[in-house]
Amino acid sequence: MTENKTLNKLKLFAKNLFFPDEIKCIFCDRDIQNFNDRPYCDDCAKRLKLNSGNRCKICDMPILSEENICESCQNTVTHFHRAYTPLFYENEVRQSLIAFKSDNKRYLAKAFAIILAKYIGSDIKQFDYITYVPITDKRRKARGYNQAELLANELSKLTGVPTLNTLTKTADTVEQKNLNYKQRMSNLKKCFKLVDKSSIKDKSLLLVDDIITTTTTVNSCSEVLSKYAKMVDVCAVARTILKSN
Ligand SMILES: [Zn+2]
Ligand SMILES: [Zn+2]
């Protein structure tokens with residue numbers, strides 16, 4: 001066997017080891033046909049709630065009224081231009097995102113990237129780079145990977161927009177629960193450092209995360225990036241719905 005063939009065999013073995021289930025529904029494990037179109041089955045599609053109603057033009061939060069901007073965005077300074085959040089962080093979506101993040105199910109990155117790419121649609125053309133919310137070296141060592149980076153890489157493969165490592169996280173944030181939005185923002189901002197100003201100067205960036213809860217994290221990252229970048233948009237597989245809306 002030539003060296004090349006051995007290498008290919010090894011690559012395939014590794015791929016099957018890490019990305020084994022690309023033909024199964026990501027929510028119920030049933031075999032499906034068109035994984036690359038929609039990585040879940042018909043039954044799960046019927047149950048799944050998509051973020052498709054009237055929503056905030058900035059943070060993508062569902063709004064019950066006819067308003068364009070949600071209450072939270074009206075009262076805070078948002079450093080990103082808009083957000084894309086196709087799913088809600090509940091039920092089976094929550095389960096599979098937890099498995100992706102904490103259970104080493106890295107192969108789910110491709111499935112989630114397919115969902116993100118569909119939701120973002122032709123808007124993807126406006127971005128020069130796809131980037132991602134960083135984690136600390138300590139966290140990466142413990143988990144073995146950064147889930148947002150895996151998502152960004154898969155989204156890049158699907159869309160042809162290159163990824164760029166733009167931020168590092170220098171410290172894990174302490175408990176944020178008892179802090180208000182402003183305090184959380186200033187707390188977080190200190191943790192994110194820009195890798196290289198010149199590579200993002202006047203560029204349009206899409207910042208990827210797995211989940212958006214309060215937008216504090218993506219907003220802090222966007223604040224650091226938007227000092228030099230022309231535009232920052234953010235996306236996450238799923239979002240939580242804040243009670244005030
Ligand atoms: Zn299913
Ligand atoms: Zn909003």
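**Surface, fold and zinc site**

Mentor: The accessible surface of the chain (Shrake-Rupley method, 1.4 Å probe) comes to about 13400 Å², and carbon and sulfur atoms hold 49% of that area. This is a predicted model, in which local features need pLDDT of at least 70 and side-chain atom pairs count only at pLDDT 80 or more, while totals for chains, interfaces and linings use all residues. Residues are numbered from 1 along each chain as its sequence is written, chains are lettered from A and ligands numbered from 1 in the order in which they are written, and side-chain values use heavy atoms, with hydrogens and water left out.

Trainee: What share of the 245 residues in the chain is buried?

Mentor: Buried here means under 20% relative accessible area, with a 1.4 Å probe and protein chains only. Among the 245 residues of the chain, the buried share is 44%.

Trainee: Which atoms coordinate the zinc ion (ligand 2)?

Mentor: Donors are N, O and S atoms within 2.8 Å of the metal (3.2 Å for Na, K and Ca), and water is not among the atoms, so sites may look incomplete. The spacing of the donors of this zinc ion along the chain is C-x2-C-x10-C-x2-C. At 2.3 to 2.4 Å, the coordinating atoms are the SG atoms of Cys56, Cys59, Cys70 and Cys73.

Trainee: Where do Cys56 and Cys59 lie, buried or exposed?

Mentor: Cys56 is one of the residues that coordinate the zinc ion (ligand 2), and Cys59 is another. By relative accessible area, both Cys56 and Cys59 are buried.

Methods. Buried < 20%, exposed > 50% of the residue type's maximum accessible area, 1.4 Å probe, protein only.
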